[in-house]
Amino acid sequence: MPTQRLIPATLAFEDGVPYAAKYGDVYHSADGGLGQARHVFINGNGLPARWRGRDRDRFTIFETGFGLGLNFLATWQAWRGDPQRPARLHYVAVEKHPFRAADLAQLHAAWPELAALSAELHAQWPVPMPGFHRLLLDGGRVVLTLVFADIADALPQIDAFADAFYLDGFAPSKNPDMWAPEILGRLNRVAAPGATLATYTIAAAVRKALAQAGFDCERVPGFGRKPEMLAG
Ligand SMILES: C[S@@+](CC[C@H](N)C(=O)[O-])C[C@H]1O[C@@H](n2cnc3c(N)ncnc32)[C@H](O)[C@@H]1O
(Lines give C-alpha, C1' and ligand atoms only; values in the text may rest on other atoms or scores of the structure.)
Protein backbone atom coordinates (compact mmCIF):
# COMPACT_ATOMS: atom_id res chain seq x y z
CA MET A 1 0.00 0.00 0.00
CA PRO A 2 1.46 3.44 -0.86
CA THR A 3 2.63 5.17 2.32
CA GLN A 4 1.07 8.55 1.61
CA ARG A 5 0.81 11.03 4.45
CA LEU A 6 -2.50 10.66 6.21
CA ILE A 7 -4.70 13.75 6.35
CA PRO A 8 -7.08 13.57 9.34
CA ALA A 9 -10.68 14.68 9.06
CA THR A 10 -11.53 18.27 9.98
CA LEU A 11 -14.31 18.56 12.52
CA ALA A 12 -17.17 20.67 11.17
CA PHE A 13 -20.95 20.73 11.30
CA GLU A 14 -23.81 21.67 8.99
CA ASP A 15 -27.07 22.34 10.82
CA GLY A 16 -25.72 20.35 13.75
CA VAL A 17 -24.74 17.30 11.67
CA PRO A 18 -21.04 16.36 11.27
CA TYR A 19 -19.95 17.61 7.86
CA ALA A 20 -16.97 17.05 5.55
CA ALA A 21 -16.21 20.19 3.55
CA LYS A 22 -13.86 18.22 1.29
CA TYR A 23 -16.77 16.11 0.08
CA GLY A 24 -19.58 18.63 0.58
CA ASP A 25 -21.60 16.03 2.45
CA VAL A 26 -22.71 15.10 5.96
CA TYR A 27 -21.46 12.06 7.85
CA HIS A 28 -24.95 10.78 8.59
CA SER A 29 -28.61 11.48 7.98
CA ALA A 30 -29.97 14.74 9.38
CA ASP A 31 -32.80 12.56 10.68
CA GLY A 32 -30.45 10.84 13.13
CA GLY A 33 -27.13 9.05 12.92
CA LEU A 34 -27.96 6.25 15.29
CA GLY A 35 -31.37 5.67 13.72
CA GLN A 36 -29.73 5.52 10.31
CA ALA A 37 -27.11 3.06 11.56
CA ARG A 38 -29.77 0.77 12.96
CA HIS A 39 -32.23 0.97 10.07
CA VAL A 40 -29.97 1.10 7.04
CA PHE A 41 -26.93 -0.89 8.04
CA ILE A 42 -27.91 -3.24 10.87
CA ASN A 43 -31.49 -4.08 9.87
CA GLY A 44 -30.61 -3.69 6.18
CA ASN A 45 -28.23 -6.64 6.58
CA GLY A 46 -30.83 -8.70 8.43
CA LEU A 47 -29.05 -8.28 11.75
CA PRO A 48 -29.14 -9.39 14.46
CA ALA A 49 -31.00 -12.46 13.11
CA ARG A 50 -28.29 -13.30 10.56
CA TRP A 51 -25.47 -13.52 13.08
CA ARG A 52 -27.39 -16.02 15.19
CA GLY A 53 -26.98 -19.70 14.48
CA ARG A 54 -25.59 -22.90 15.75
CA ASP A 55 -22.43 -22.87 13.67
CA ARG A 56 -21.45 -19.26 14.03
CA ASP A 57 -18.57 -18.49 16.31
CA ARG A 58 -17.81 -15.25 14.49
CA PHE A 59 -19.47 -12.74 12.24
CA THR A 60 -17.52 -10.33 10.03
CA ILE A 61 -18.65 -6.92 8.84
CA PHE A 62 -16.83 -4.86 6.21
CA GLU A 63 -17.43 -1.12 6.08
CA THR A 64 -16.39 1.37 3.42
CA GLY A 65 -15.89 4.63 5.37
CA PHE A 66 -15.51 4.37 9.17
CA GLY A 67 -16.18 8.09 9.67
CA LEU A 68 -17.03 8.73 13.30
CA GLY A 69 -17.66 5.04 13.90
CA LEU A 70 -21.34 5.38 14.62
CA ASN A 71 -22.26 2.30 12.60
CA PHE A 72 -19.56 0.40 14.44
CA LEU A 73 -20.71 1.53 17.89
CA ALA A 74 -24.36 0.79 17.07
CA THR A 75 -23.39 -2.68 15.81
CA TRP A 76 -21.23 -3.41 18.85
CA GLN A 77 -24.10 -2.30 21.10
CA ALA A 78 -26.57 -4.56 19.22
CA TRP A 79 -24.12 -7.48 19.43
CA ARG A 80 -23.62 -6.99 23.19
CA GLY A 81 -27.36 -6.84 23.75
CA ASP A 82 -28.09 -10.08 21.93
CA PRO A 83 -27.95 -13.24 24.05
CA GLN A 84 -27.73 -15.29 20.84
CA ARG A 85 -24.74 -13.40 19.46
CA PRO A 86 -21.75 -15.18 17.95
CA ALA A 87 -18.69 -15.40 20.19
CA ARG A 88 -16.75 -12.84 18.17
CA LEU A 89 -17.59 -9.79 16.12
CA HIS A 90 -15.00 -8.88 13.50
CA TYR A 91 -15.39 -5.42 12.00
CA VAL A 92 -13.11 -4.31 9.19
CA ALA A 93 -13.38 -0.67 8.10
CA VAL A 94 -11.49 1.43 5.58
CA GLU A 95 -11.04 5.13 6.26
CA LYS A 96 -8.99 7.66 4.29
CA HIS A 97 -9.38 10.60 6.68
CA PRO A 98 -9.75 9.39 10.28
CA PHE A 99 -10.85 11.80 12.98
CA ARG A 100 -8.44 12.75 15.72
CA ALA A 101 -9.24 11.11 19.07
CA ALA A 102 -10.31 14.40 20.69
CA ASP A 103 -12.69 15.14 17.82
CA LEU A 104 -14.18 11.65 18.05
CA ALA A 105 -14.80 12.16 21.76
CA GLN A 106 -16.55 15.46 21.04
CA LEU A 107 -18.69 13.85 18.32
CA HIS A 108 -19.61 10.82 20.41
CA ALA A 109 -20.79 12.98 23.32
CA ALA A 110 -24.01 13.41 21.30
CA TRP A 111 -24.88 9.75 22.03
CA PRO A 112 -24.67 9.20 25.81
CA GLU A 113 -26.26 5.75 25.40
CA LEU A 114 -23.04 4.68 23.65
CA ALA A 115 -20.73 6.31 26.21
CA ALA A 116 -19.20 3.15 27.66
CA LEU A 117 -18.41 1.74 24.23
CA SER A 118 -17.15 4.98 22.76
CA ALA A 119 -14.86 5.48 25.80
CA GLU A 120 -13.34 2.06 25.16
CA LEU A 121 -12.87 2.96 21.49
CA HIS A 122 -11.23 6.31 22.36
CA ALA A 123 -8.84 4.59 24.76
CA GLN A 124 -7.50 2.43 21.94
CA TRP A 125 -7.87 4.87 19.03
CA PRO A 126 -4.72 4.50 16.90
CA VAL A 127 -2.18 7.12 16.04
CA PRO A 128 -2.94 8.67 12.65
CA MET A 129 -0.58 6.47 10.65
CA PRO A 130 -1.54 4.98 7.29
CA GLY A 131 -2.08 1.24 7.21
CA PHE A 132 -3.66 -1.47 9.35
CA HIS A 133 -4.58 -0.99 13.02
CA ARG A 134 -6.14 -3.82 15.02
CA LEU A 135 -8.09 -3.00 18.17
CA LEU A 136 -9.18 -5.73 20.59
CA LEU A 137 -12.29 -4.49 22.38
CA ASP A 138 -14.75 -5.99 24.82
CA GLY A 139 -12.20 -8.40 26.26
CA GLY A 140 -10.99 -9.35 22.76
CA ARG A 141 -14.44 -10.52 21.64
CA VAL A 142 -14.82 -7.54 19.32
CA VAL A 143 -11.96 -7.19 16.84
CA LEU A 144 -11.90 -3.89 15.00
CA THR A 145 -9.50 -3.70 12.05
CA LEU A 146 -9.13 -0.13 10.86
CA VAL A 147 -7.41 0.41 7.55
CA PHE A 148 -6.35 4.03 7.25
CA ALA A 149 -5.96 4.36 3.48
CA ASP A 150 -7.76 5.17 0.28
CA ILE A 151 -10.14 2.34 -0.49
CA ALA A 152 -8.52 1.82 -3.90
CA ASP A 153 -5.17 1.11 -2.23
CA ALA A 154 -6.62 -0.79 0.74
CA LEU A 155 -8.95 -3.26 -0.95
CA PRO A 156 -6.30 -5.35 -2.73
CA GLN A 157 -4.45 -5.70 0.61
CA ILE A 158 -7.38 -6.93 2.66
CA ASP A 159 -8.10 -10.59 3.27
CA ALA A 160 -11.53 -10.99 4.79
CA PHE A 161 -14.59 -13.19 4.64
CA ALA A 162 -17.22 -10.56 5.15
CA ASP A 163 -20.70 -11.74 6.07
CA ALA A 164 -22.14 -8.24 5.73
CA PHE A 165 -21.12 -5.02 4.00
CA TYR A 166 -21.92 -1.51 5.13
CA LEU A 167 -21.42 0.78 2.12
CA ASP A 168 -21.19 4.27 3.62
CA GLY A 169 -18.86 6.46 1.59
CA PHE A 170 -20.88 9.70 1.28
CA ALA A 171 -23.36 10.18 -1.57
CA PRO A 172 -22.07 8.72 -4.86
CA SER A 173 -22.66 12.11 -6.52
CA LYS A 174 -20.34 13.75 -3.95
CA ASN A 175 -17.71 11.02 -3.75
CA PRO A 176 -17.82 8.85 -6.89
CA ASP A 177 -14.38 7.32 -6.18
CA MET A 178 -15.82 5.34 -3.28
CA TRP A 179 -18.51 3.85 -5.51
CA ALA A 180 -16.51 3.26 -8.68
CA PRO A 181 -17.31 -0.03 -10.45
CA GLU A 182 -13.65 -1.08 -9.94
CA ILE A 183 -14.15 -0.69 -6.16
CA LEU A 184 -17.57 -2.31 -5.87
CA GLY A 185 -16.45 -5.04 -8.26
CA ARG A 186 -13.70 -6.02 -5.82
CA LEU A 187 -16.00 -6.53 -2.84
CA ASN A 188 -16.87 -10.08 -3.83
CA ARG A 189 -13.20 -11.02 -3.33
CA VAL A 190 -13.59 -10.28 0.40
CA ALA A 191 -17.13 -11.68 0.71
CA ALA A 192 -18.08 -14.90 2.46
CA PRO A 193 -20.67 -17.12 0.75
CA GLY A 194 -24.12 -15.67 1.36
CA ALA A 195 -22.81 -12.21 2.25
CA THR A 196 -25.30 -9.36 2.34
CA LEU A 197 -24.97 -5.62 1.93
CA ALA A 198 -26.84 -2.47 2.71
CA THR A 199 -26.52 1.17 1.75
CA TYR A 200 -28.65 4.30 1.72
CA THR A 201 -28.12 5.03 -1.96
CA ILE A 202 -30.22 3.66 -4.78
CA ALA A 203 -28.12 5.33 -7.49
CA ALA A 204 -28.48 3.46 -10.78
CA ALA A 205 -24.71 3.27 -11.33
CA VAL A 206 -24.24 1.70 -7.88
CA ARG A 207 -27.00 -0.84 -8.49
CA LYS A 208 -25.45 -1.75 -11.85
CA ALA A 209 -21.94 -2.14 -10.42
CA LEU A 210 -23.22 -4.23 -7.50
CA ALA A 211 -25.20 -6.46 -9.84
CA GLN A 212 -22.09 -6.97 -11.97
CA ALA A 213 -20.19 -7.88 -8.79
CA GLY A 214 -22.76 -10.57 -8.05
CA PHE A 215 -24.83 -8.79 -5.41
CA ASP A 216 -28.55 -9.27 -5.86
CA CYS A 217 -29.96 -6.05 -4.37
CA GLU A 218 -33.46 -4.72 -4.00
CA ARG A 219 -34.94 -1.39 -3.04
CA VAL A 220 -36.46 -1.41 0.42
CA PRO A 221 -37.86 1.39 2.60
CA GLY A 222 -35.17 3.90 3.53
CA PHE A 223 -34.50 5.91 6.67
CA GLY A 224 -35.91 9.33 7.48
CA ARG A 225 -36.53 11.47 4.45
CA LYS A 226 -35.05 8.89 2.05
CA PRO A 227 -37.94 6.80 0.78
CA GLU A 228 -35.72 3.94 -0.39
CA MET A 229 -32.37 2.28 0.23
CA LEU A 230 -30.61 -0.82 -1.12
CA ALA A 231 -30.32 -4.18 0.58
CA GLY A 232 -29.18 -7.46 -0.89
C1 LIG B 1 -20.55 9.02 5.40
S2 LIG B 1 -18.97 8.91 6.12
C3 LIG B 1 -19.01 7.39 7.01
C4 LIG B 1 -19.80 7.40 8.29
C5 LIG B 1 -19.51 6.20 9.15
N6 LIG B 1 -19.80 4.95 8.53
C7 LIG B 1 -20.07 6.26 10.54
O8 LIG B 1 -20.71 5.30 10.99
O9 LIG B 1 -19.84 7.26 11.21
C10 LIG B 1 -17.93 8.47 4.75
C11 LIG B 1 -16.49 8.22 5.10
O12 LIG B 1 -15.81 7.73 3.96
C13 LIG B 1 -14.47 8.22 3.99
N14 LIG B 1 -13.93 8.18 2.65
C15 LIG B 1 -14.25 8.99 1.60
N16 LIG B 1 -13.57 8.64 0.50
C17 LIG B 1 -12.79 7.59 0.84
C18 LIG B 1 -11.85 6.78 0.12
N19 LIG B 1 -11.59 7.01 -1.18
N20 LIG B 1 -11.24 5.79 0.78
C21 LIG B 1 -11.52 5.55 2.10
N22 LIG B 1 -12.38 6.28 2.83
C23 LIG B 1 -13.02 7.30 2.21
C24 LIG B 1 -14.65 9.63 4.53
O25 LIG B 1 -13.44 10.15 5.04
C26 LIG B 1 -15.75 9.46 5.57
O27 LIG B 1 -15.23 9.26 6.85
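A few ground rules before going on. This is a predicted model, where local features need pLDDT of at least 70 and side-chain atom pairs count only at pLDDT 80 or more, while totals for chains, interfaces and linings use all residues. Residues are numbered from 1 along each chain as its sequence is written, and side-chain values use heavy atoms, with hydrogens and water left out. Helices (H or I, at least four residues) and strands (E, at least two) are DSSP runs numbered from the N terminus, and two strands pair if DSSP finds at least two bridges between them.

**Inside the sheets**

Strands of a sheet pair through backbone hydrogen bonds, either parallel or antiparallel. Strand S5 (residues 88-95) and S7 run parallel, joined by 7 bridges; His-90 has Val-143 in S7 as its bridge partner. S10 and S11 run antiparallel, with 4 bridges, and there Pro-221 is partnered by Glu-228 in S11. The hairpin of S10 and S11 has 6 residues between the strands, and Gly-224 in that hairpin takes a positive phi near 60°.

There is also an open sheet of 3 strands, in the order S1-S2-S3, with antiparallel pairing. Strand S1 (13-14) and S3 are its edge strands, each pairing on one side only. S2 and S3 are linked over 2 bridges, and Tyr-19 finds its bridge partner in Val-26 of S3.

Contact means heavy atoms within 4.5 Å.

Is Asp-163 buried or exposed? At 9% relative accessibility, Asp-163 counts as buried (buried is under 20% relative accessible area, exposed over 50%, partly exposed in between, with a 1.4 Å probe and protein chains only). Asp-163 lies in strand S8. Leaving aside neighbours within four places in sequence, its contacts include Arg-50, Arg-56 and Arg-58, along with Phe-59 and Thr-60.

Most residues other than glycine have a negative phi, and most peptide bonds are trans. Here are some exceptions. Leu-47 and Pro-48 are joined by a cis peptide bond, with omega about 10°; Pro-48 is in the loop between helix H1 (33-42) and strand S4 (58-64). Asp-138 has a positive phi of about 55°, in the loop between strand S6 (131-137) and strand S7 (142-148), and counts as buried at 7% relative accessibility. Phe-170, with phi near 70°, is in the loop between strand S8 (162-167) and helix H6 (181-184). Phe-170 is buried too, at a relative accessible area of 11%.

**Pockets**

Pockets are found on a 1 Å grid over the protein atoms alone: a pocket is an open set of points where a 1.4 Å probe fits, with protein on both sides within 12 Å along at least five of seven lines, and lining residues have an atom within 4 Å of a point. Grid points are joined across faces, edges and corners, and a volume is the space filled by probe spheres set on the points.

| Pocket | Volume | Lining residues |
|---|---|---|
| Largest pocket | about 600 Å³ | 36 residues |
| Second largest pocket | about 320 Å³ | 18 residues |

Phe-170 turns up again in the largest pocket, where Tyr-23, Tyr-27, Glu-95, His-97 and Phe-170 lie nearest the centre. Strand S2 (17-20), H1, helix H2 (70-80) and S5 each give two or more residues to that lining, which divides into 18 nonpolar, 11 polar and 7 charged. Here Ala, Val, Leu, Ile, Met, Phe, Trp, Tyr, Cys and Pro count as nonpolar, Asp, Glu, Lys and Arg as charged, and the others, Gly among them, as polar.

In the second largest pocket, Val-26, Ser-29, Gln-36, Tyr-200 and Lys-226 lie nearest the centre. Strand S3 (25-26) and H1 each supply at least two lining residues, and the lining holds 9 nonpolar, 4 polar and 5 charged.
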